[in-house]
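Morning, everyone. I have one chain to show you today.

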Amino acid sequence: QVQLVESGGGLVQAGGSLRLSCVASGSFFSLNTMGWYRQAPGKERELVAVISSIGNTNYADSVKGRFTISRDNAKNTVYLQMNSLKPEDTAKYYCNDYNFGFWGQGTQVTVSS
């Protein structure tokens, strides 16, 4: 069983920045593809960014150039640096272990205009 614990969410003004962290338990972290998803009220959960075990990344068009996903395998942690935040980025952000299909509990990000 893999446990994922997100942190770093909060309230920020438009144009501001936040860095989300997701710490994973287990010994297979470095081998797994990890992702960040988000879900706004009344909307479906959507992919934000994903990073493979060797560091290849992919982003949703809506966040390209503003968000950066990274990982530190020594710390079993995946990060999401979010810059130039917009009100439409407001959502609950979830960490996902793609290989095992596990999800974290989510962390709320609220961007005020």
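First, a term: a residue is buried under 20% relative accessible area, exposed over 50%, and partly exposed in between, using a 1.4 Å probe and protein chains only. By that cut-off, 43% of the 113 residues in the protein chain are buried.

A word on the source. This is a predicted model, where local features need pLDDT of at least 70, side-chain atom pairs count only at pLDDT 80 or more, and totals for chains, interfaces and linings use all residues. Residues are numbered from 1 along each chain as its sequence is written, and side-chain values use heavy atoms, with hydrogens and water left out.

Now the fold. The chain has zero helices and 11 strands; strands are DSSP runs (E, at least two residues) and helices are runs of H or I, at least four residues, numbered from the N terminus. The C-alpha trace spans about 40 × 25 × 20 Å along its principal axes.

What sits inside? The largest nonpolar core has 28 residues. Such a core is a set of buried Ala, Val, Leu, Ile, Met, Phe, Trp, Tyr and Cys residues joined through side-chain atoms within 4.5 Å. Trp-36, Val-78, Leu-80, Met-82 and Tyr-93 have the most contacts inside this core. Strand 3 gives the most to it, with four residues.

Take Tyr-93. Which residues does Tyr-93 contact, leaving aside neighbours within four places in sequence? Contact means heavy atoms within 4.5 Å. The partners of Tyr-93 include Glu-6, Trp-36, Arg-38, Phe-67 and Val-109.

Across the chain, residues 24 or more positions apart account for 54% of the contacts with a separation of 6 or more.
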